[in-house]
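Please look at the sequence and the structure below before reading on. The briefing that follows takes up the ligand and then the contact between the chains.

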Amino acid sequence: MSEHFDAIVVGAGPAGNSAALVMAKAGLKVLQIERGETAGAKNVQGAILYADALERLIPEFRDEAPLERHVVEQRVWLLDERSHTGAHYRSDDFNEDRPNRYTILRATFDQWFAAKVREAGALQITDTTVTELVRDEGGRVIGVETDRDGAPLYADVVVLGEGVNGLVGQRAGVRPELDPQHVALAVKETIFLSEEAVQDRFNLDGEDEGVVIEVMGSVSAGMVGTGFLYTNRESISLGVGCLLSDFQETQIPAYVLLDRMKSHPSIAPLIRDGETKEYVAHLIPEGGYDAIPNLSGDGWAIVGDAGQFVNSAHREGSNLAMTTGRLAGETVAALKREGLACNEANLKRYRHALEQSFVMKDLKKYRRLPGVLHGNKHLLTAYPRAISQAMQTFLRVDDVDKRSKERRMMSQFRAARGGWWNVFTDALKMARAWR
Amino acid sequence: MDAVFDHDTDPEDPGRRGLNLVVCIKQVPDSAQIRVHPVTNTIMRQGVPTIINPYDLFALEEAMRLRDQYGGEVTVLSMGPPMAEEALRRALGLGADKAVLITDRRFAGADTLATSYALASALAKLGAERPIDVVFTGKQTIDGDTAQVGPGVARRLGLNQLTYVAAIDLLDRATGEIVVRRRAEGGLQVLSSRLPCLVTVLEGVNEIRRGSIEDMLRAARAEVTVWSAADAGIEDPQQCGLKGSPTLVKRVFAPTPREESAEMVAVDGKRPAQIADAVLDLVFAHAPKLETELGAAPSEKERR
Ligand SMILES: Cc1cc2nc3c(=O)[nH]c(=O)nc-3n(C[C@H](O)[C@H](O)[C@H](O)COP(=O)(O)OP(=O)(O)OC[C@H]3O[C@@H](n4cnc5c(N)ncnc54)[C@H](O)[C@@H]3O)c2cc1C
């Protein structure tokens, strides 16, 4: 005799944890199944945690969650081979009682989050991979099979929070195979430094303040991609990611890209003498709004990365995972409360709730961006170099008069893109993509 | 303490329900992932995942095989901080039937002497509830490497100890006899002992099973019994933890890393024998002494 649950959640990342937490809190009988030895064992993120999405689930998280530093300063750097042009924003306003962004280490964070899910009453098993969805004769999803001996496990609804490369959904035909143009490959290192070194090098006051650096330009070697550097308490997270299709085309190994980034003259001094503790690679969904698959059907729903929920323009993913997980969980809980079935028609409420939220609004806003960047890679190479040249012309003091310098800067800029018309259309494309 | 292992006085199990086996396990940091702090030279345990001491898994599997063969139940017992409950739960997921954690502030800083005292007390208590047939431990732990706790427990409980056991050949409940093979220097010993006894299991003698989905669900639901020092029947707190530990750690230091002297070499040759010869030539070029030593030994053929 096999057991029956109200809901089975696949995966214990932020999406699965949020869905399971909400449903367990609503009194549903929830089983959560995670492939890793522990929750978070293999999960990868930069990682910036956006407080708001988590606060809606666990209001008191700041007192309990393993957080590294709250972000007081944001830097955006345009890199060419030897220089960076940057914009920094730092504000003491970010030293507030309830900071908005934190750096975290996913392995420890996910374990904490998963423990909260257990506390809420969900049954959780790890080191177990869901292999198949089980359907009845009518095609309705009624449970899952795992890689362990034993009978299938049954539930009214299966919530797939299995991450970007969700094979269960793919095998069951509820979501398409990943398109290399719709996913980035990111590699990341965690580099150990003493707390004092982190604070000195990034101008931080104490063990709680942190800095975020996003980099664009030569780090992606002409591919569509970006790099990042985040400060943790006693380490630096540093990584770079580009579209998988670009990696396939250029044949540049990802670790070469990362090594180059680490040896860039603007970055090398920040990580000097650090000891690399961890090297990881992971995929990031980048397809945006148009790549979102069907989100629910008879007895199933998809949350988080498995549903392509990443806003790459703003580097948001975990918050979308938490929000989609929460909304799916709330939908199922409401259906249960009302005595309604988790069938295709009723689960559409989940998509509806998403459309009302920032999740779909934001992804819709940037739906053109992936296409524009893909078709206009020079945006990430020509401009950083032109800007760097212009800065040098402007800053070097010599016997050239200022008006001539301005003229030279303008012509360098024009030359970088082969004429003003191209600069104009680039600006237009970016503006439309951003609108 | 001997009497608690006496089956004949067991009111609950006059007809012998099956074996009562207890496996002592320890939660240890995954040594493959430990780093030494580059500045302070201390071991960084933070964020290092924990595992069940790998040697203990061989003991657990051996115990579960006996259970599967003769019936009965396997209890896992651990002394450790509250988070060691995780290791016990993992053991339940692997197929153990019951789990007991003894945890107390007073246990902190225990060396092997104090640890064996606490474990022996808990075993005596368990044995009073229902007589134990065999106590199992791993050969040693990967974080201490002493191999003293098992023998210490046996001594305290007055049990025969069978260490470095590679196989259990026989367990006869009627005659109360166990026969094991023990790896010793220079060969295998076949030893027989009366029950109850303590067995420390060698590595590599079996492969830990993967629990079924039912095991996992049972483990997720199971209540791990948590005992304080007092609950475990510990009479003398002076013998626990740091107080009961005569061992002094004089100094902790990071070993200087060995110089990497590996070298990639390309050798010519198509047939395996040719390649082997080429490799040997290279090895001998590096270590001329080796050649004379090996040359002195008779080859396989010559010996025959
Ligand atoms: C390098 C990098 C940097 C990033 N930086 C940020 C950032 O700074 N901020 C941000 O908000 N987002 C960031 N993201 C994105 C963010 O990590 C993801 O959006 C988020 O982790 C998605 O959560 P999820 O729960 O959907 O998936 P995941 O976190 O991938 O979790 C999926 C879980 O499901 C489990 N699983 C998969 N298949 C099965 C199966 N068959 N059976 C059982 N379990 C299964 C996995 O083991 C995993 O635990 C980054 C991503 C990367 C790769």
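**Ligand and chain contacts in a predicted model**

A nitrogen atom of the ligand has a backbone N or O atom of Val130(A) 2.9 Å away, where a polar contact is a pair of N or O atoms within 3.5 Å, and within protein one must be able to donate a hydrogen and the other to accept it, with residues adjacent in sequence counted only if both atoms are side-chain atoms. This is a predicted model, in which local features need pLDDT of at least 70 and side-chain atom pairs count only at pLDDT 80 or more, while totals for chains, interfaces and linings use all residues. Residues are numbered from 1 along each chain as its sequence is written, and side-chain values use heavy atoms, with hydrogens and water left out.

**Ligand**
- The side chain of Arg106(A) has an N or O atom 2.7 Å from an oxygen atom of the ligand, and a polar side-chain atom of Gln45(A) is 3.3 Å from a nitrogen atom of the ligand.
- The protein buries 96% of the 1,000 Å² that the ligand exposes when taken alone (Shrake-Rupley method, 1.4 Å probe).

**Interface**
- In chain B, 17 residues are in contact with 25 residues of chain A, contact meaning heavy atoms within 4.5 Å.
- Four salt bridges are found across the interface of chain B and chain A (a side-chain nitrogen of Lys or Arg within 4 Å of a carboxyl oxygen of Asp or Glu).
- One salt bridge joins the side chains of Arg90(B) and Glu37(A), at 4.0 Å from N to O.

Conventions. Chains are lettered from A and ligands numbered from 1 in the order in which they are written.
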